[in-house]
Amino acid sequence: MAALQKLLQGRKLVLLCVLMAAQWEAGAGQIRYSVREEIDRGSFVGNIAKDLGWEPLALAERGVRIVSRGRTQLFALNPRSGSLVTADRIDREELCAQSARCLVNFNILLEDKLTVYSVEVEITDINDNAPRFGVEEPELKISETTTPGFRIPLKSAHDADVGENTLQKYELNSNDHFSLDVRIGADGNKYPELVLEHALDREEEAVHHLVLVASDGGNPVRSGTCRIRVKVLDANDNPPVFIQPEYRVSVLENVPIGTRILTVTATDTDEGYNAQVAYFQEQTPGETSEVFELKSTSGDITIIKSLDYENAKFHEIDIEAQDGPGLITRAKVIVTILDVNDNAPEFYMTSASSSIPEDSPPGTIIALFNVHDRDSGQNAFITCSLPEKLPFKLERSVDNYYRLVTTSTLDREQFSFYNITLSAKDGGNPPLSTDAHLLLQVADINDNPPIFSQMSYSAYIPENNPRGTSIFSVLAHDPDSNDNAHITYSLAEDTFQGVPLSSYISINSDTGVLYALQSFDYEQFQDLQLWVIAVDSGNPPLSSNVSLSLFLMDQNDNMPEILYPALPTDGSTGVELAPRSAEPGYLVTKVVAVDKDVGQNAWLSYCLLKASEPGLFLVGLHTGEVRIARTLLDRDALKQSLVVAVQDHGQPPLSATVTLTIAVADSIPEVLADLSSIRTPTNSNDSDLTLYLVVAVAVVSCVFLAFVIILLTLRLRHWHVSRMLQASRDRLGGIPASHFVGVDGVSTFLQTYSHEVSLTADSGKSHIIFPQPNYADTLISQENCEKKDFFSAPQSLLDDKREENPQQAPPNTDWRFSQAQRPGTSGSQNGDETGTWPNNQFDTEMLQAMILASASEAADGSSTLGGGAGTMGLSARYGPQFTLQHVPDYRQNVYIPGSNATLTNAAGKRDGKAPAGGNGNKKKSGKKEKK
């Protein structure tokens, strides 16, 4: 192994010797070229083939190549042309740095002969590099206390080029404090220095900016720039200074806590620690130090407690600024508090009334109050108002005082109280308002009478009501209150039919319910008018009244009353005459009946219940007319008995019956022959009733006569005393006629209470009749009342009448009935226009007496049945000579079905007296009965 290494070393040594020999050999023939740096690749450097005397092709054949010594191959041979060209970019500064000459050496080897040729290429410099400073922006620090002339060495610039292309000079920009001095060193390099020409002031200029320019001598000239920053070091020669000696700030009072209202700033022209400023707040007695806080580092003033304009309108704060070494400056901050509308108006009620009478006149003061707002300016401008449509207004006084007064008369009945809302609004934005409530009661006075719910009342009451029944109720309302509204009901005092209304109706004074004190009868009266009075309990009391109309409703409580034929009073039976020659449809008689009820209850219908000869007679359903149904035959009996029923239409219906006796004959003797058999049985009860009535009339007459005698005695005594007093005092002989009552006056007075009694021959077994009007023209003495028999009274009265009226009165034609005026419901039926018939008990008796008298005269040969005046013959039974002068007027009781109208005798009511011919017939009847 060691032998092998020795062998290798030997070989290297041999090769080195060969190469050195070749280099020496070629040294005598060294080739030199020159080329500029930075030329392009492939640029021509020199013709190697030519310089060596070879052909280019021969070079390629001999194996020519460049041998370098460990460097990058910068050159290459072009085998075709034999030229030396650049193989890459050549940078002189990279190859030779700052050397004055830059030579590149390499060898060219001929491989065939191992011949080496030395080639030297000089790289020439071009000005491709500018001077450059090692630090482009150096910073220099110098104290502001440095004296002028002080030198500061600067960093020199470096230029990679050489010769004229390298650095040549330095230049400094112009300034007031520094200058440039270039010093050349022993190595020939130039070293710049900065010289302080004037004293520095950091507070005036803390940093100085200088520009140093280094230039070379190339063409074109290249230069490099260095920006020098000279920092003046501070000295604590200045205290802090506030921007303002006095700060003023305005703050709204409603800013929240923690709000920064101001930042104070103090500046120190020094720097560093000398310029570190801290802020402090001087502690002064008062609330200001508790409201604001000063940040020591930033100088911010913040609020730490709520502001209130009403408590303090401004605050003063004393602050200090201190730098690091301890220099101090003072300033003042004045904080003005601005008012915001944060206080609503406040009411202070000085005087107020809780109640007021409703009759208080307009302008009455109800309340006096004051309104105050703690804010200021427009925020404290207050406007008071009331709701609309209230009878009140506000009157402003001094110092925001207001009066609440009425504008009109109050009415408790419309509004019993007022909840008055007083509104006060300030002038802020937004405005604040406050409401105050005042409850005002309106005291009642009795200014309203009771008021009924209706203007008038009507009530319908069925007749025959039970006594004590509630029939109606009225209700009045009084809009007042308490006692003024307590109502008491009563009835107005009045009379009805001569009797006080209080005997008919009563009213509950508290409830207004009316009660019937009697059972009412529709036939007595149909309606009742009364006034109900309502009185309150005020002082003075007020009242009102209302009319109440009570209407009775008819009930079917009256059965039909048969007016004709009337029941006889002497036990005899009324006889109707029907001639045998009468044709069918002949009107024999008519049943006349009335019903005291009205409406449907008074509608009457007639029917034949029983007949001795069925089918001979028929009765009109609505007229009551008895007519012959068929021709009379000889076998028909002279005496026909009919039972006629009269029924109304009420619910339930009521009825009455009457028995008719009809004499079928062509002549009077036939009738008289059978009259003895036509009698009615007497009734003992009727005779007893007649006796009682006669006794009652006698007693009443005696009492009346005694009263008249006493009255005359008193009047005569009074007249005698007054006569004597007048004679003694005035000696006057005349007596005033007004103090004397004559016998004629008494006689006239007594005529109203006299009665005429008419009795038949069988009066002891029949009724007493008191016809109207009266015929008593003389005063009957007490002796006559005591001595004369009541049963002989009619005869004596008749005799007196004959003496006073010797001439019979002519018939009164005003009472003759036409077919339309006949009683009952038959006024509209067809019949004999001139025929009439008796329609009461008196006329029936008279007819019987006339028949008896006519029979007696016929027997004596002096019959007056021919129908002379005043005799009323049978031939004129239904003729115009028959005048019903003694027939009472029943037309007011006759009701037409379907109508409420009644027939009236206007002439009879107007005259108020009986027909002129009434007495004559009654006298004649009496005479016939005596015979």
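**A stop at a loop asparagine**

Select Asn400, which is partly exposed, with a relative accessible area of 22% (buried means under 20%, exposed over 50%, partly exposed in between; 1.4 Å probe, protein chains only). Asn400 sits in the loop between β30 (392-396) and β31 (401-406); helices (H or I, at least four residues) and strands (E, at least two) are DSSP runs, numbered from the N terminus. Although Asn400 is not a glycine, its phi is positive, at about 60°.

Before moving on, note that this is a predicted model, in which local features need pLDDT of at least 70 and side-chain atom pairs count only at pLDDT 80 or more, while totals for chains, interfaces and linings use all residues. Residues are numbered from 1 along each chain as its sequence is written, and side-chain values use heavy atoms, with hydrogens and water left out.

**Two cis peptide bonds**

Select Asn539 and Pro540: the peptide bond from the former to the latter is cis, with omega near 0°. Pro540 belongs to the loop between β43 and β44. Then select Gln651 and Pro652, where the peptide bond is cis as well, with omega near 0°. The loop holding Pro652 runs between β52 (639-648) and β53 (655-664).

**The cores**

Which residues touch the most other members of the largest nonpolar core? Select Phe452, Ile505, Leu528 and Leu550, out of 27 residues in that core. A nonpolar core is a set of buried Ala, Val, Leu, Ile, Met, Phe, Trp, Tyr and Cys residues joined through side-chain atoms within 4.5 Å. Strands that each supply at least two residues of this core include β35 (456-462), β43 (527-536) and β44 (543-553). Leaving aside neighbours within four places in sequence, Phe452 is in contact (heavy atoms within 4.5 Å) with residues including Tyr457, Val474, Tyr489 and Val532. A second, separate core has 26 residues, among them Ile31, Val45, Trp54 and Val119.

**Salt bridges**

A salt bridge is a side-chain nitrogen of Lys or Arg within 4 Å of a carboxyl oxygen of Asp or Glu. Side chains of opposite charge can pair when their charged atoms come close. The whole structure has 20 salt bridges.

Select Glu120 and Arg32, which form one of them, with the closest N and O atoms 3.0 Å apart. Glu120 is in strand β7 (residues 115-124) and Arg32 in strand β1 (residues 31-36), so the pair links distant parts of the chain, 88 residues apart.

Now select Glu193 and Arg183, whose side chains meet in a salt bridge (3.3 Å, N to O). Glu193 lies in strand β14 (residues 190-196) and Arg183 in strand β13 (residues 178-184), so this pair ties together parts 10 residues apart in sequence.

**A last pair**

Finish at Ser416, in the loop between β31 and β32 (417-426). Its C-alpha atom is separated by 6.4 Å from that of Gln441, 25 residues apart along the chain.
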